[in-house]
Amino acid sequence: MYKILKAEELADKIYLMDVEAPRVAKHCQPGQFIIVKMDDKGERIPLTICDYDREAGTITIVFQIVGASTQKMAELKAGDSFRDFTGPLGCASEFVNEDLEELKNKKILFVAGGVGAAPVYPQVKWMKNNGIDVDVIVGSKTKDMLILEKEMEAVAGNLYVCTDDGSYGHSGMVTSMIEKLAEEGKKYDVCIAIGPMIMMKFVCLLTKKLEIPTIVSMNPIMVDGTGMCGACRLQVGNEIKFACVDGPEFDGHLVDFDQAMKRQMMYRTEEGRAMLKLQEGDTHHGGCGHCGGDN
Amino acid sequence: MADVLKKVPVREQDPQVRANNFEEVCLGYNKEEAMDEATRCINCKNAKCIQGCPVAINIPGFIQEVKAGNIEEAYKIIGQASALPAICGRVCPQESQCEGKCIRGIKGEPVSIGKLERFVADYALENDIKPIGAESTNGHKVAVIGSGPAGLTCAGDLAKLGYEVTVFEALHELGGVLVYGIPEFRLPKHAVVAKEIEKVKELGVKFETNVVIGKSTTIDQLIEEEGFEAVFVGSGAGLPKFMGIPGENANGVFSANEYLTRSNLMKAFDESYDTPIVAGTKVAVVGGGNVAMDAARTALRLGAEVHIVYRRSEEELPARVEEVHHAKEEGVIFDLLTNPKEILVDDKGYVKGMTVVKMELGAPDESGRRRPVEVAGSEYTIELDTVIMSLGTSPNPLISSTTEGLEVNKWQCIVADEETGKTTKEGVYAGGDAVTGAATVILAMGAGKAGAKGIHEYLSNK
């Protein structure tokens with residue numbers, strides 16, 4: 001069992017938890033992820049690592065309610081435990097193994113959308129700890145949904161906040177912020193963009209035009225997370241890659257986002273039904289084709 | 001009294017009934033039937049069956065005890081060689097091993113060794129007969145990576161010799177392929193696998209789940225930081241293969257590993273579990289091995305019409321005859337000498353059909369099997385919504401890529417000595433699918449035994 005030491009709601013439907021997982025905390029690197037399983041009957045849910053404390057042996061995770069399983073997870077409190085917590089999975093971000101002096105000479109732009117701020121945070125923090133100031137764009141739909149602003153501010157060189165509805169910071173999507181910075185004459189050697197697939201797709205279309213090499217972190221459907229099932233396969237250039245063992249980070253200019261987004265919809269109806277069942281509980285009678293109802 | 005030329009028949013669930021449930025197909029012998037079948041063994045002096053067994057169980061020895069009704073004694077004899085008899089009695093290819101060598105088989109049917117082993121093991125599980133472990137530990141720590149058949153066997157054997165063994169499992173359940181791969185209806189998870197693993201625990205073996213070696217920690221760290229003196233790698237097969245044909249990334253195309261993992265490990269077939277599975281209404285399973293049969297029979301039970309699409313003829317099917325027979329009985333349709341060319345995809349990204357081509361057999365290839373060649377102009381399209389690719393696996397690089405000095409061959413399998421499991425890295429031994437590529441449960445167990453022997457020799461002489 002893996003004890004939850006802290007659980008808080010960061011924004012509407014977005015939660016943060018500190019979990020005791022010493023093996024993961026000892027070995028994880030920016031870019032990697034974990035898989036959590038709530039109880040005997042739960043799904044294996046892949047989640048990005050938002051922060052880690054090697055001494056305390058804890059991992060910070062951030063997640064958004066997207067279906068029945070994450071809804072149940074949000075109800076857990078400090079003191080509760082996860083049945084299973086595995087990781088770190090996937091490869092560390094490439095820069096972790098790069099020559100530090102070369103890295104210091106690069107102009108790096110991070111782009112985080114929505115809960116994508118969570119996996120971006122440990123990367124920016126790593127940069128800060130290694131004496132590298134980077135530019136960070138954090139975007140969210142509204143001011144209320146913005147997360148980790150204070151934390152990001154403490155580790156970023158320059159932080160640019162934007163909201164789709166203009167309720168806070170720059171008004172517009174992260175792509176318009178990138179365009180704005182480019183117009184101001186900012187040059188970048190590399191862009192690391194993490195967020196919803198649709199955001200990463202449009203960031204990549206733009207950075208291709210601006211000729212900025214771009215790395216994205218893919219979050220497809222997974223089961224085991226160790227290379228065994230192939231559910232997370234993606235078309236990257238001419239190759240099929242498994243996000244869990246080859247990724248999760250890939251050259252964004254090579255990823256087939258349209259296919260990846262279609263693959264992400266695979267269980268959408270199943271998820272919808274499970275959600276309905278959970279919300280309606282015992283009052284749910286037939287009709288969904290999933291639970292058998294009262295017949 | 002039984003007809004000495006024939007096996008005492010084993011009771012099975014009716015095919016029409018079992019095609020709709022996940023309960024075990026084969027019901028096994030009762031004591032009377034087992035004792036009856038045991039009389040067929042002629043207790044050969046130079047028992048060929050033992051030579052046919054990868055873990056060399058004293059087969060005539062245990063069968064004589066069954067004949068006399070001493071089931072507990074029979075269990076102890078099996079226990080000297082195998083830690084997992086209830087599992088082996090169910091999934092071993094006995095027809096090509098022990099039973100394939102049985103003298104009875106020359107004229108008539110061989111003794112039903114597998115079903116007798118299963119009866120004895122089930123009796124031991126039901127009556128909670130304890131395995132005989134070491135009296136005290138010898139203080140030497142050994143790490144075993146993977147809790148599948150190779151790892152469990154190696155761990156059990158080492159514990160019996162007094163070693164302090166810890167098994168590290170990447171997934172959340174113990175058993176490896178026994179829980180994620182082989183379906184419930186062939187190998188019950190709760191009643192058989194979990195209980196048999198419990199017996200290994202009773203020998204003093206410790207288990208830690210959710211540890212991915214190569215990620216959560218490495219072999220070098222286990223040795224340097226956690227005090228393990230030797231390591232056995234039984235990490236299993238690995239990454240599923242795909243065909244590389246158009247449409248293979250469509251929604252509704254699964255690897256057999258994914259399909260079976262969802263159903264077996266995550267129990268998606270049971271509504272009360274959270275993991276989803278798409279049953280499919282018309283399913284093609286591409287491939288002809290045991291895994292293909294497992295996937296086909298799982299899809300069938302979830303309510304689909306299921307076709308096995310295999311490019312050679314029935315004779316070349318790599319699956320066990322019993323599995324093919326069971327699949328046919330249950331209603332799986334075999335489209336033989338047929339090969340997929342393209343998966344057809346609708347505008348939302350879901351599978352809507354598959355173009356296949358008829359094949360014919362030409363001259364034998366390097367495997368000795370006749371090479372299938374396309375029949376020109378014979379392409380046709382079948383409508384379906386699910387395709388399950390069961391084409392084998394390639395080794396997982398997680399361990400080999402993070403362990404310095406551990407050599408792999410050109411197929412990326414770990415290089416290890418067959419007799420001892422010894423690898424190119426000192427103190428590290430390996431066996432099972434990680435070494436051989438995908439094979440059987442019993443071969444992995446044999447490799448686990450060899451590894452235990454190799455580690456014992458190594459640590460005894462250190």
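Which residue stands opposite Ile145(B) in β6(B)? Val233(B) does, and I will come back to that pair when I get to the sheets.

First, the ground rules. This is a predicted model, in which local features need pLDDT of at least 70 and side-chain atom pairs count only at pLDDT 80 or more, while totals for chains, interfaces and linings use all residues. Residues are numbered from 1 along each chain as its sequence is written, chains are lettered from A and ligands numbered from 1 in the order in which they are written, and side-chain values use heavy atoms, with hydrogens and water left out.

I start with the interface. Chain B puts 48 residues into the contact and chain A puts in 47, where contact means heavy atoms within 4.5 Å. Together the two chains bury about 3900 Å², 49% of it on carbon and sulfur atoms. Buried area here is the accessible area, with a 1.4 Å probe, that two parts lose on being put together, summed over both. On the chain B side, Lys215(B), Asn249(B) and Asp274(B) supply 18% of the area buried against chain A, more than any other three residues.

Next, the polar part. The rule finds 27 residue pairs in polar contact across the interface, both residues at pLDDT 80 or more. A polar contact is a pair of N or O atoms within 3.5 Å; within protein, one must be able to donate a hydrogen and the other to accept it, and residues adjacent in sequence count only if both atoms are side-chain atoms. From chain B, β7 (238–240), β8 (253–255) and α13 (256–265) each supply at least two residues of the side that touches chain A. Helices (H or I, at least four residues) and strands (E, at least two) are DSSP runs, numbered from the N terminus. The largest share comes from α13(B), with four residues. By type, that side of chain B divides into 19 nonpolar, 17 polar and 12 charged residues. Ala, Val, Leu, Ile, Met, Phe, Trp, Tyr, Cys and Pro count as nonpolar, Asp, Glu, Lys and Arg as charged, and the others, Gly among them, as polar.

How many salt bridges does the rule find across the interface of chain B and chain A? Five, with 45 in the structure over all chains. The rule asks for a side-chain nitrogen of Lys or Arg within 4 Å of a carboxyl oxygen of Asp or Glu. Glu226(B) meets Arg23(A) in one salt bridge, at 2.8 Å from N to O. Arg83(A) and Glu173(B) form another salt bridge, at 3.1 Å. Arg83(A) sits in the loop between β6 (81–82) and β7 (84–89) of chain A, and Glu173(B) in the loop between β4 (164–168) and α10 (177–180) of chain B, so this pair joins two chains.

Now the sheets, beginning with chain B. Five strands form an open sheet in the order β5-β4-β3-β6-β18, with parallel pairing; two strands pair if DSSP finds at least two bridges between them. β5 (206–208) and β18 (428–430) stand at the edges with a single partner strand each, so one side of each has no neighbour in the sheet. Neighbouring strands are turned by 20 degrees against each other on average, direction ignored. Within this sheet, β3 (141–145) and β6 (230–233) of chain B pair over four bridges, and here Ile145(B) faces Val233(B). Helix α17 (441–460) of chain B packs on the sheet, touching β3, β6 and β18, and its direction makes about 165 degrees with that of β6(B). Axes are lines fitted to C-alpha atoms, for helices over the stretch in contact, and angles run from 0 to 180 degrees between N-to-C directions.

Chain A has an open sheet of seven strands, ordered β11-β10-β9-β8-β12-β13-β16, with mixed pairing. Its edge strands are β11 (170–171) and β16 (249–251), each pairing on one side only. Five bridges join the parallel strands β8 (108–113) and β12 (190–194) of chain A, where Phe110(A) stands opposite Ile192(A). Helix α7 (197–209) of chain A packs on this sheet, touching β8, β12 and β13 (214–217), at about 165 degrees to β12(A).

Last, the backbone. Most residues other than glycine have a negative phi, and most peptide bonds are trans. Gly87(A) and Pro88(A) are joined by a cis peptide bond, with omega about -5 degrees, and Pro88(A) lies in strand β7 of chain A. A cis peptide bond also joins Gly247(A) and Pro248(A), with omega about 10 degrees. In chain B, Ala56(B) has a positive phi near 55 degrees, in the loop between α3 (48–52) and α4 (59–67).
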